[in-house]
Amino acid sequence: MLKTLQAKVIAGEPLHSADLTFLMHYPVLPELLAAAHAITRVCAPQRFDACSIINAKCGRCSEDCRWCAQAGRYHAVTTVYPLIDKDRCLQAALACERQGIHRFSLVTGGKKPTAHDFASLLVIIKYLKENTSLSLCASLGLLSLEQLAALKEAGLERCHCNLESSASFFPQVCTTHSYQEKIAVLQDAQAAGLSVCSGGIIGMGESMDDRVQLAQTLRQLQVDSVPLNLLQPIAGTPLAKQDPLSEDEILRTIALFRFILPHAYLRLAGGRRQLTEEVLRQALYSGINAAIVGDFLTTSGATFAHDKIIFAQAGYAV
Ligand code: SF4
């Protein structure tokens, strides 16, 4: 049955809910990971896609996302600073380019940028486009179609907006904006001609079924790049005491995402430092073919030089 489902995915056929239930409960994890590996080798891009992000604005946010250090109503300690200026941003982009990273993303905290910040962001994107050869991405919150079209015009290639979890679990971790608003951003970004990047956080108390639902929604939306973040419980936030996921559960999640999203970039994102090198290698084997490298949002990441060696040893062109 496992081999049949592997062949079904490789043949381009969608999996049914009984198939997904079978995979969720498949008892021999190494066999499940090997099947996900076979799908990855045939269907997914074999050039590893590394990107770097810059936290372009950080502050006290109006929203109530229960995992987030920037949510103003909780008591996490976080650095607050205004939108980065364009020359500092260019320096960071050029440093990224010098290291051989070809994708660079601007990330701002908050539900959406102010009109003033949005005008500055357009200037920054245009400036980076003119002065680097990077593929430019941005994660700027709940943007309108007009704003997304203006960003595309300025030189943006991809818009990031995480759905975070399943539609049914999302209201348990955020009540100040809706899942549908996030889906609308992704659909508007596609309508504006942008590629889309959207994934979620695992380990917030959701079930494996919630993760499978998230992956299916991302498949329906034809998302190109899917970041998988491991919850990093932050002191002062409501999820501070959340128990970490087991390594097996993390690897099973990655394998299931690969079964559901055979062609996507599955991007290891925040929380990666929780993984031992052995588990990181198993994650790369089971479907991860992209990662955020360099500085992470509010925590630090491994150095790219060491990352490159591990990605190459996993069989990817780097
Ligand atoms: S909208 Fe963004 S910055 Fe604001 S609380 Fe949610 S995740 Fe954090």
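Is Q222 buried, exposed or partly exposed, and how many C-beta neighbours does Q222 have inside 10 Å? Q222 has 14 such neighbours and therefore counts as partly exposed, where buried stands for 20 or more other C-beta atoms within 10 Å of a residue's own, exposed for 12 or fewer, and partly exposed for values in between, with C-beta atoms placed from the backbone.

## Basis of the model

The structure is a predicted model, in which local features need pLDDT of at least 70 and side-chain atom pairs count only at pLDDT 80 or more, while totals for chains, interfaces and linings use all residues. Residues are numbered from 1 along each chain as its sequence is written.

## Positive phi angles

Q222 lies in the loop between α9 (208-220) and β7 (225-230), helices being DSSP runs of H or I with at least four residues and strands runs of E with at least two, numbered from the N terminus. Phi of Q222 is near 55°, a positive value in a residue other than glycine.

E164 also has a positive phi, of about 75°, although E164 is not a glycine. E164 is placed in the loop between β4 (158-160) and α7 (170-173), and because 22 C-beta neighbours fall inside 10 Å, E164 counts as buried.

Axes are lines fitted to C-alpha atoms, for helices over the stretch in contact, with angles from 0 to 180 degrees between N-to-C directions; angles under 35 degrees count as roughly parallel, over 145 as roughly antiparallel, 65 to 115 as roughly perpendicular and the rest as oblique. The contact is made by R211, V212, A215, Q216 and R219 of α9 and by T253, L256, F257 and I260 of α10, contact requiring C-beta atoms, placed from the backbone, within 7 Å. By class, this contact of α9 with α10 has five nonpolar, two polar and two charged residues, where Ala, Val, Leu, Ile, Met, Phe, Trp, Tyr, Cys and Pro count as nonpolar, Asp, Glu, Lys and Arg as charged, and the others, Gly among them, as polar.

Helix α10 (residues 247-260) and helix α11 (residues 277-286) have axes that come within 9 Å and cross at roughly 20°, so α10 is roughly parallel to α11. E247, L251, I254, A255 and R258 of α10 meet V279, Q282, A283 and S286 of α11 in this contact, which by class has five nonpolar, two polar and two charged residues.

## Helix packing: α1 and α3

Helix α1 (residues 2-10) and helix α3 (residues 29-43) pack at an angle of about 20°, with their axes 10 Å apart, so α1 is roughly parallel to α3. On α1 the contact residues are L2, Q6, V9 and I10, and on α3 they are E31, L32, A35, A38, I39, V42 and C43. Sorted by class, the contact of α1 with α3 has nine nonpolar, one polar and one charged residues.

The ligand is surrounded by C61, E63, C65, C68, Q70, A71, G109, G110 and K111, a residue being near a molecule if its C-beta atom, placed from the backbone, lies within 6 Å of it. The shell divides into four nonpolar, three polar and two charged residues.

S62 is in the loop between β1 (49-57) and α4 (86-98), and S62 is exposed, with 11 other C-beta atoms within 10 Å. Leaving aside its neighbours within four places in sequence, S62 is in contact with G72, K111 and T176.

Key. Two residues are in contact if their C-beta atoms, placed from the backbone, lie within 7 Å.
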